[in-house]
Amino acid sequence: MFAKVISSHVVGIDGLGVDVEVDINPIGLPVYLVVGLAEGAARESKERVRSALTNLDYRLFNHPVTVNLAPADIKKMGSHFDLPIAVGFIAAISNDLDIKDTLFLGELSLDGSLKGVSGVLCMCDWAKSAGLKRVVLPEANAEEALLVEGIDIYPFKHLSEVISFLKGSVQPPPASRTDYYSDIPEYKEDFSDVKGQFAARRAAEIAAAGMHNIIMMGAPGSGKTMIARRIVSILPPMSIEEALLTTKVHSVAGLLMDRGSLIKTRPFMAPHHTASDVAIVGGGSKAMPGHVSLATNGVLFLDEVLEFNRSVLEVLRQPLEDRTVTIARAGRTAQYPAEFMLVAACNPCPCGYFGDRRKECICSQLQVERYRARLSGPLMDRIDLHVRIPSTDFSDLKSSKAGERSADIRSRVIAAHEAQKARYMGMGVHFNSRMPEKMLRHKVADAALNTLEGAMRKLSFSARAYGKTLRVARTIADLAMSEYVTEVHMAEAIQYRGLL
Ligand SMILES: [Zn+2]
């Protein structure tokens, strides 16, 4: 007695098809084998399936049974094979189950109830592209599955309901799709909460407008974190494609069940400086996505960036350069997106109060120099904007006047993004931060180039700083809706090279 049920598996953020084959031999000793590189939770499915089926009065385990997960050369992890295996058992002994063109996924409790699993969006996406007609899964995953259009979603709470459905004794309609894309929520934190700090707010706006990486240096309590947290709120609303990509990464990481369905707001990831390489870039025994991928289409904030382990800053280079992360594991590679804006913050010296008006710095000159020297690492090479944040003026704090609202800043940022979209059409580049070398001097006024060359001599800019300044100047011009980069734009851009 044999049955084949369709399930899926996620590698990186891509779903792949897996055939779950169940073979029950009427003669022989009771042996229960799972083959096809099942690991961890997938291997343990054996006990959950046995218990769930036994509780539904299926006595199938007095015979030799083999479950094969094909193709056999991919390691399969996760508990979502429970449901397809259980369905395979019942299909092997009865001919009245309609399982064709159907993707099955879900974890079983010992009593047969269905529990939500991770990676559902990616697997449903695969099912649709493979031409399947419907997906049977736990009710807990229904919202996420409904994000994929063009395939019927049938959510259930219990294995017994699934069996009745497949036998045709109950015929519920597929779950209904509501409009998930309307109703984009506002961010909880708004720039109007930030009092004063005009220079830092301006730098944040430029960073958002050109998708430039930025570092802020200031004393503890100067508002660096407050500003960093609000940068997502001045970026344009996520497109459907962006929202789906970000949601997929969070789904694979198993973070979605707490957050509802589609992630509609840009993620803000702020790992602690004690975080490991694996936590930041991903990997580990399950090849999970790290913070760089979870921050896709949003902000990765490294507070106290100089306190991070040197190796963490080293491993960040590759995702910053390639915008993707490739994790190799057991001969296969998983690829995750890493399309994020880096926002870093640091203190001006080890004690934090160098140059502060409120508190005296207790560091020696040598300590300050050593500390600053650590800034000139590989990470800093990839940061376009540097900004010093002074301690907040007492008068700013006292004033009850709210700062400019995120929505107003955002409208200027959106206009600047549109200008860049038009400029880089068909070039595979979207933002000034990625402007190709050959375009650096495009539509830059001569006077602006003279200003830059003067600054290069005076401040001994490196060739890399030269390119960065031109890119930032272009963004400043875009915010001003100016076709040409002028002296004024260039002079402002030069100010944002202040830390090196
Ligand atoms: Zn100090």
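Strand E11 (268-269) and strand E14 (residues 299-302) pair in the parallel sense over two bridges. Strands (E, at least two residues) and helices (H or I, at least four) are DSSP runs, numbered from the N terminus. Two strands count as paired if DSSP finds at least two bridges between them. Methionine 269 stands opposite leucine 300 in E14. This is a predicted model, in which local features need pLDDT of at least 70, side-chain atom pairs count only at pLDDT 80 or more, and totals for chains, interfaces and linings use all residues. Residues are numbered from 1 along each chain as its sequence is written.

E14 also pairs with E17, again in the parallel sense, over four bridges. Here phenylalanine 301 has valine 343 of E17 as its bridge partner. In a regular strand the side chains alternate between the two faces of the sheet. E14 can be read that way: Val299 and Phe301 point one way, Leu300 and Leu302 the other way, and all are buried. A residue is buried if 20 or more other C-beta atoms lie within 10 Å of its own, exposed if 12 or fewer, and partly exposed in between, with C-beta atoms placed from the backbone.

Now take the whole sheet. It is open, has five strands and runs in the order E11-E14-E17-E10-E18, with parallel pairing. E11 and strand E18 (385-389) stand at the edges, each with a single partner strand, so one side of each is left without a neighbour in the sheet. Helix H6 (residues 198-210) lies across strand E10 (214-218), strand E17 (341-346) and E18. H6 runs at about 160° to E18. Axes are lines fitted to C-alpha atoms, for helices over the stretch in contact, and angles run from 0 to 180 degrees between N-to-C directions.

Next, the domains. The assignment, from an automatic or database source, gives domain 1 (2-167), domain 2 (191-426) and domain 3 (435-500). The centres of domain 2 and domain 3, taken over C-alpha atoms, are 23 Å apart. Their contact takes 21 residues from domain 2 and 14 residues from domain 3. Two residues are in contact if their C-beta atoms, placed from the backbone, lie within 7 Å. On the side of domain 2 that touches domain 3, H6, E10, E18 and H15 each supply at least two residues. H15 gives the most, with five residues. That side divides into twelve nonpolar, five polar and four charged residues. The classes are simple: Ala, Val, Leu, Ile, Met, Phe, Trp, Tyr, Cys and Pro are nonpolar, Asp, Glu, Lys and Arg are charged, and the others, Gly among them, are polar.

The axes of helix H15 (residues 406-423) and helix H17 (residues 463-479) come within 8 Å and cross at roughly 115°. H15 contributes Arg412, Ala416, Ala419 and Gln420 to the contact, and H17 contributes Thr475, Asp478 and Leu479. By class, this contact has three nonpolar, two polar and two charged residues.

Move to helix H3 (residues 120-129). Is H3 mostly covered or mostly open? Eight of its ten residues are buried, so H3 is mostly covered. Among the buried residues are Cys122, Met123, Cys124 and Trp126. What covers them includes strand E1 (2-11), strand E2 (14-24), strand E5 (102-104), strand E8 (134-138), helix H4 (142-145) and helix H8 (240-252). Just after H3, glycine 131 takes a positive phi of about 85°.

Some backbone details remain. Most residues other than glycine have a negative phi, and most peptide bonds are trans. Aspartate 57 has a positive phi, near 70°. Aspartate 57 sits in the loop between helix H1 (41-55) and E4, and is exposed, with 6 other C-beta atoms within 10 Å. Arginine 323 also has a positive phi, near 65°. Its loop lies between helix H12 (317-322) and strand E15 (324-329). Arginine 323 is partly exposed, with 14 other C-beta atoms within 10 Å. The peptide bond from alanine 70 to proline 71 is cis, with omega near 0°. Proline 71 is in the loop between strand E4 (65-70) and helix H2 (82-93).

Finally, step back. The protein has 18 helices and 18 strands. Its C-alpha trace spans about 90 × 45 × 45 Å along its principal axes. Buried residues make up 44% of the 500 residues.
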